[in-house]
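Thanks for asking me to look this over.

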Amino acid sequence: MAPGSLAEFIDHNEGALLAEWTRLQKASVHGLRDRISEAELRTASHEFVLALKQAVNSGETDLLSPAFSALRDHLSSLSSHWAALGFTPSETAGFVFSFKHALFLHLKQVTKDPAALADQLWESDQLLDKLGLFTTEVFQKSREQIIGRQQEEMLELSTPVVELWHGILALPLIGTLDSARTQIVMQNLLEALVARSADLAIIDITGVPTVDTLVAQHLLKTVAAARLMGAECIISGIRPQIAQTIIHLGVNLGDVVTKANLADAFRVALHKRGLAVAKIQG
Amino acid sequence: MEHIPILRLGRFLLVTIQVDMHDQLAMVLQEELTDRIVRDRARGVLIDISALDIVDSFIGRMLSNIAGMARILDAETVVVGMQPSVAITLVELGLSLPGIRTALDVDRGMALLKSAIGEDQEGDLGRHG
């Protein structure tokens with residue numbers, strides 16, 4: 001098929017194609033109407049056909065060429081929008097693939113020569129497959145962005161530094177410690193030490209499910225870094241199983257003060273400051 | 001050439017590093033500081049590195065060396081005001097500066113030095129100055 005003839009074909013049959021396509025979309029994409037309105041779908045379809053026409057008109061077949069930029073932009077925004085609405089990747093790709101069905105039906109009616117028809121089908125099939133895969137790619141990327149953002153939010157949520165007393169900070173750790181998190185935990189703690197001019201910190205690991213050599217090493221690094229800045233750390237909340245693991249693994253905690261629970265650690269911290277909690281007389 | 005001033009404060013020497021430390025400067029500081037410890041009969045050295053954003057392994061080792069030399073000359077060393085990013089870098093480099101005392105700020109560093117060498121010797125050195 002000569003360049004432009006597909007565009008011409010789309011141009012001539014635009015109205016019929018759109019009508020057929022919308023009908024097929026409703027049938028193929030399950031639950032479509034629950035999530036987006038029919039008008040919205042029709043606008044999206046119309047824009048897609050316009051952009052496709054423009055792209056095909058250039059005679060290019062490479063999806064990354066400038067002629068396809070309008071089409072790419074349209075599909076990208078559609079994909080990320082649909083991803084946010086909760087569509088699956090196959091539903092999003094189905095948007096493009098269902099157009100294939102409408103297009104083929106019309107091509108079959110217009111082109112009578114079987115060889116020419118086969119060529120036309122093959123060419124448009126390839127193009128639309130690429131477009132369908134493109135939507136899946138964009139879909140995945142936008143999902144990854146969502147996941148990445150959520151991970152960041154979780155990191156921020158899970159590393160609060162609280163002030164227990166003037167100059168005494170506590171860092172309750174919850175969840176598994178990996179290298180990335182330890183880095184943030186370390187940074188948060190050290191910055192809080194400077195900001196609040198505190199020289200005692202209690203790292204509470206009650207909420208850390210497992211301690212392996214790596215986690216222990218990370219904890220020791222944090223303690224060492226705090227010491228370099230002139231602050232002392234106490235590790236609290238060590239459960240019996242974790243104590244066993246630490247010894248079985250042969251991890252040497254060195255001269256780090258460890259306590260079984262936060263209350264004991266706090267008492268030690270107060271004692272170091274020359275303070276004590278006393279009962280009110282009378 | 002750049003020069004790092006060494007201030008005398010009673011029986012202590014106060015060094016505030018406010019320029020980027022390069023290796024030559026570190027060597028000069030090391031030499032001058034040991035000279036001054038002997039000359040002033042100092043009992044403590046306080047090094048303020050709060051203005052330093054970058055400390056490499058060489059500077060880290062130099063701090064260790066100064067502390068070691070000072071100890072031989074009967075003076076305690078306290079490094080104060082290390083930035084969080086510097087502390088993290090040093091730990092990642094495997095330099096935890098074991099022989100060095102540290103404090104959050106100059107105030108606490110002074111208190112630490114005083115408690116380390118004992119208050120009773122203050123009068124003795126005060127007369128010397």
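1. Which strands of chain A does helix H11 (residues 262-272) lie across? Please keep in mind as you look that this is a predicted model. H11 of chain A lies across E1, E2, E3, E4 and E5 of that chain, and its direction makes about 175 degrees with that of E3(A).

2. In chain A, five strands form an open sheet in the order E1-E2-E3-E4-E5, with mixed pairing. Strand E1 (162-165) and strand E5 (257-258) of chain A are the edge strands, each pairing on one side only. Helix H8 (residues 179-195) of chain A also packs on this sheet, where it touches strand E2 (168-174) and E3 of chain A and runs at about 165 degrees to E2(A).

3. The axes of helix H1 (residues 5-12) and helix H4 (residues 38-57) of chain A come within 8 Å, crossing at roughly 155 degrees. H1(A) and H4(A) are therefore roughly antiparallel to each other, since an angle over 145 degrees counts as such. Their crossing is left-handed. H1(A) brings Leu6(A), Ala7(A), Ile10(A) and Asp11(A) to the contact, while H4(A) brings Val49(A), Leu52(A), Lys53(A), Val56(A) and Asn57(A). By class, the residues of this contact are six nonpolar, one polar and two charged.

4. Chain B has five helices and five strands, running β-β-α-β-α-β-α-β-α-α from the N terminus on. Of its 129 residues, 37% count as buried. Among contacts in chain B with a separation of 6 or more, 79% are between residues 24 or more positions apart.

5. The strands of chain B form an open sheet of five, ordered E1-E2-E3-E4-E5 and with mixed pairing. Its edge strands are E1 (6-9) and E5 (101-103) of chain B, each of which pairs on one side only. From one strand to the next, the twist averages 25 degrees. Strand E4 (residues 76-80) of chain B runs parallel to E5(B), with three bridges joining them; Val78(B) has Arg101(B) as its bridge partner in E5(B). Helix H1 (residues 23-39) of chain B lies across E1, strand E2 (12-16) and strand E3 (44-48) of chain B, at about 160 degrees to E2(B).

6. How many residues of each chain are in contact with the other? The count is 14 residues of chain B and 16 residues of chain A. On the chain B side, helix H3 (84-92) and E5 are the elements that give two or more residues, and H3(B) gives the most, with five. By class, that side has ten nonpolar, two polar and two charged residues.

7. Finally, do find Arg227(A), in helix H9 (residues 213-228) of chain A. Is Arg227(A) buried or exposed? Arg227(A) is buried, because 22 other C-beta atoms lie within 10 Å. Apart from neighbours within four places in sequence, Arg227(A) is in contact with Glu232(A) and Thr102(B).

Notes
Residues numbered from 1 in each chain as written. Chains lettered and ligands numbered in written order. Predicted model: local features only at pLDDT ≥ 70, side-chain atom pairs only at ≥ 80, totals over all residues. Pairing = 2+ DSSP bridges. Helix = DSSP H or I, 4+ residues; strand = E, 2+ residues; numbered from the N terminus. Axes fitted to C-alpha atoms, helices over the stretch in contact; angles between N-to-C directions. Contact = placed C-beta atoms within 7 Å. Nonpolar A, V, L, I, M, F, W, Y, C, P; charged D, E, K, R; others polar. Parallel < 35°, antiparallel > 145°, perpendicular 65-115°, else oblique. Left-handed = near helix turned anticlockwise from the far one by under 90°. Buried ≥ 20, exposed ≤ 12 C-beta atoms within 10 Å, placed from the backbone.
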